[in-house]
Amino acid sequence: MIRTTVPPVACVGEPRLTAGFAEFGRLDLMAHEEVHGPIGPMEPANLLRLAEAIDLKGKGGAGFPFARKLRAVLESCERQELAAAVVVNATEGEPASWKDKVLLTRAPHLLLDGAALAAYALDAEEIVIGVADDDVGRPSLTEALQERRMPVPTTIVTVPHRFISGEAGALVNGINGLPHIPPGTKKRSSDSGVGGLPTLLSNAETYAQLAVAARLGPYEYAALGTDDEPGTVLLTVTGAAGRPAVVECAAGTPLRDILDLCEVPDGPGILMGGYHGKWISPEAADRAEISRKGLAAVGGTLGAGIVVPLGRDTCPLGEAAQVVRYLAGESAGQCGPCKMGLPDLARAVDLAVSGSAPVEIVRAAAGDVKGRGACSHPDGTARFALSAMEVFADDLRLHTTGEGCGKRVKGVMGLPGRPDPDPQKLTLDWSRCDGHGLCAHVVPDFIRLDTNGYPAFPSTPVPTWLREGALKAVKVCPELALRLAKAE
């Protein structure tokens, strides 16, 4: 089931993005102007200077400098003699993330202000806001658009609530009426995006931060945060937290303060940055600060501002394996590293966790996909898997003995219940299998032959894009040993 209840909001220090939440709950236009004050349009040069002065980076995970995006679109418009488009990415396809949904449901005018600033500076033709089809943010956003006048036509586009739907290229494809998957080759939206126009695309929090900075100015904006990373950060804290919440804090805030506020128990590790992020140890968490630089110093990443701690009552490797399987299933299935590499990585993680293979098999499978995908999905999945093997090395040694860690997998990572409405898995009747190997030739993306020539495949559901191939493998099995059954 997709969760549709927005979690509580908390703040450490001075609120900015969350200002007025305690008094008004959701800020309509009148409350928004009372809390944040007026805002006027800015010329391109002034908006560029502001974004550079506060070193504004994308808050969706990649952390790309906003000023560089803005400049690239301006130059592309001039070079091609075309108008621009502005896209707000509020899809938030990551199951563990809720910060953008909080902005949509409680501070919609803040992100609309940021989009309007960009549209005016670019003399844009339109603004498009992408939201997920979970119906969490769209009603509030629609109401906000009815309350105000935007500088250019502004539309809301709904995309499937899938992990890859929020990838920049996938969102542009969806807006253009194409399948909601990343393009097969890497393309720059600043050159050709929505309707073929140079497109400025960034996530919801980025535009909201821009609106805050435009009101405060660079010096007052930098009164919070660090010298390298001024301003505040929105975090989603879930997992084993006793009080899960979306938390706003100044960059540089100790991670321990956030964990204590959300009543996070002691545990084996904390995922920082989401499913494309990295795990850190409890010792690293005690030293970490909430910033890109501070988290990188302890082996973590800020990513999309997601914090998922584990408790001591769940198997950390089992939790990680579930996520890798999910990520393999969320692939668009259109390039080799995703279509073949990610199921292989999920298989490798399963084998390592079960104690059937050494951790080197995971490193090899991750190495096969890193840097080779049409989008960042293979890289992010490999990063997640490798950091799990490193941080949970002691647990891995227990699993290698065949005894395991003795803990069941509780499923605290926030995975959706059934992304596939009819999940099916392959089963093998070993009393019938004679090792002909035909099945592996039919669907090599999912079935491999082991050293003895017998079929080997993950115990996970067959990805939807491989379902047809799996059915063919079942039909060609001469001994009727292979079957496709409903996954429980």
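Student: How many residue pairs are in polar contact between domain 1 and domain 2?

Tutor: This is a predicted model: local features need pLDDT of at least 70, side-chain atom pairs count only at pLDDT 80 or more, and totals for chains, interfaces and linings use all residues. Residues are numbered from 1 along each chain as its sequence is written, and side-chain values use heavy atoms, without hydrogens and water. A polar contact is a pair of N or O atoms within 3.5 Å, where one must be able to donate a hydrogen and the other to accept it, and residues adjacent in sequence count only if both atoms are side-chain atoms. With both residues at pLDDT 80 or more, the count between domain 1 and domain 2 is eight.

Student: What area do domain 1 and domain 2 bury between them?

Tutor: Buried area is the accessible area (1.4 Å probe) that two parts lose on being put together, summed over both. Carbon and sulfur atoms carry 58% of it here, and the total is about 1700 Å².

Student: Which residues of domain 1 lose the most area to domain 2?

Tutor: Together they make up 27% of what the domain 1 side buries. They are Glu94, Ala96 and Lys99.

Student: Why is α6 called largely enclosed?

Tutor: Helices are DSSP runs (H or I, at least four residues), numbered from the N terminus. Buried means under 20% relative accessible area (1.4 Å probe, protein chains only). α6 is largely enclosed by the rest of the structure because its buried residues number 14 of the 15.

Terms used. Buried means under 20% relative accessible area, exposed over 50%, partly exposed in between (1.4 Å probe, protein chains only). Helices (H or I, at least four residues) and strands (E, at least two) are DSSP runs, numbered from the N terminus.
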